[in-house]
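Hello,

Here is the structure I promised to pass on. Please open it alongside this message; my notes follow below.

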Amino acid sequence: MEYQRLFLYTALGGLLLLLWMTWQQDYHRPPEVAQAPGVQQSRPLAQPVAPDVPAETEAGGEARLIRVETDLMTAEISTVGGDVRSVRLHRYGISIDDPTPIALLQSDGTRFYIAQSGLEAQDAAAPGVQAVFRAEQDSYQLPEGADQLTVTLNWVDESGIAVEKRYTFHRDSYVIDLEQRVHNHSVQPWQGFQYVQLRRTKPEEKRSFMFGAHSYTGGVVHGPDWRYKKISFDEMANRTLKGEPQRDLQGGWLAMLQHYFVSAWVPPQDATYRYYARAVDGQYILGASSPWQLAQPGESVVFTGKLYTGPKDQARLAAVAPDLELTVDYGKLSIISKPLFWLLSKINALVGNWGWAIVLLTLLIKVVFYKLSEASYRSMARMRKVQPQMQALRERYGDDRQRLNQELMELYKREKINPLGGCLPILIQIPVFIALYWVLLESVELRHADWILWYRDLSSPDPYFVLPILMGASMLLQQRLNPAPLDPIQQRVMTILPIVFTVFFVFFPAGLVLYWVTNNVLSIGQQWLITSRIERSEKAKA
């Protein structure tokens, strides 16, 4: 019971270990599983709610890329399949030193990641992944003063089936609206369905000593009755969604996630879509197919959907589809993380600097937990006061552990000290620490956000290790304000802990280390103030 501070540091060490284990569980990508040779097409049933997935062959034919430029992105659409094969985000550079717009979707050979859509029909013609479309222009640009831009691709079959595939881009938006309009000019009824899917290769492993260069990269399927299910690349290779070959959901959405960015297909929310996962030739597919629609001769039918491809901006995501903002994955403590992010955003709106917003948020958290911290520091101050008596008992009964503990308990009882009284208040705050950890780690707003001096990117580690060193120094100073453990071995452990924590924090984002340093400095000031008050009160009584 004399080891209160060691218990607290052990708890914090356990917290770091749990964070690391959680990261490994959620974000570690296991080795790729060998693919089954060949993938067969499943023929649609006669009257399903939503048909099976269409053939998964690579698009062929002579492709021409249609360039589309808006205020937020530059996209490229292939005339083969009408796929969105490239999206570059104007406001997000590759790195702090390379302002080249990051390519979220691309298919230039170094990485394959595209958004596909098409139609399949039963005993009739339909433009699938190999269909060759015709476009009126090679490039489009959102005009000044215009709010949207539509790119139309046309496909016509000799049987009399004609399809207009339209992508509509919007100003100040990462949403691309999809419309596929089927005109049946033949003499036979046309029955078919739409599929939308994201298709990519697995990214390369890029991992540092403790944390990877990327957050969770993989798939997610979400619906009202099947909430936020992560679909790993291995599950796609096994052609399953959490063990099921497919899942029928009303509305919902599917997405491919990576650190800070997301691509998502959002079907119409009033229709039941069949979600599926596939892998073929080293490419991983997550998709959904619509219910059948019927066009009699002379009639037309329309299929729609939305493609979001951009940053994990919670406000933008929430406006696209229900719960799409869940792709900003704060883990199991989202109920705490979301209010913290909201407050952090409001503070940043006032001060205009994410670094100072973190400092002020830390100050507010300390104010909220002031009473709890005060109880902890008061307990530590009383422990410090009886430190000489504890040392005397140890020298007298050092060889009799049972008698020593009995005497210490009598001392605590006589002095009205709860040896664990300072632990509980700090342990209660640990969920807040974890929640803020995920806020600082997952929020795209902190990507490339600067603070002062050389801190140009709060989402990256401190390049000169100044904050981690300050973190270790603040821990050492805190130890001097607390009663030292009586056991020599524990004293050595306490001496080593600041070094261990400093090494840990070298690999943490600078924004998170800034929070810890600020928290420690404020804690030191608060503890010194409370301890001084108690000592003055004891002197006055004497």
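Two strands count as paired if DSSP finds at least two bridges between them. Keep in mind that this is a predicted model.

Start with strand 10, residues 175-184. Nine of its ten residues are buried, so strand 10 is largely enclosed by the rest of the structure. Strand 10 pairs with strand 20 (residues 300-311). The sense is antiparallel, over nine bridges.

Strand 9 and strand 10 form a hairpin, with four residues between them. In that turn, D172 has a positive phi of about 50 degrees.

Now the helices. Helix 7 covers residues 387-397, and helix 8 covers residues 401-415. They pack at an angle of about 160 degrees, and their axes are 9 Å apart. Angles over 145 degrees count as roughly antiparallel, so helix 7 is roughly antiparallel to helix 8. Their crossing is right-handed.

Which residues in helix 7 meet helix 8? They are Q389, M390, L393, R394 and Y397. On the helix 8 side, the residues are R401, R403, L404, E407, L408, L411, Y412, R414 and E415. By class, this contact has seven nonpolar, one polar and six charged residues.

Best regards

Notes
Residues numbered from 1 in each chain as written. Predicted model: local features only at pLDDT ≥ 70, side-chain atom pairs only at ≥ 80, totals over all residues. Heavy atoms only, no water. Axes fitted to C-alpha atoms, helices over the stretch in contact; angles between N-to-C directions. Helix = DSSP H or I, 4+ residues; strand = E, 2+ residues; numbered from the N terminus. Parallel < 35°, antiparallel > 145°, perpendicular 65-115°, else oblique. Left-handed = near helix turned anticlockwise from the far one by under 90°. Contact = heavy atoms within 4.5 Å. Nonpolar A, V, L, I, M, F, W, Y, C, P; charged D, E, K, R; others polar. Buried < 20%, exposed > 50% of the residue type's maximum accessible area, 1.4 Å probe, protein only.
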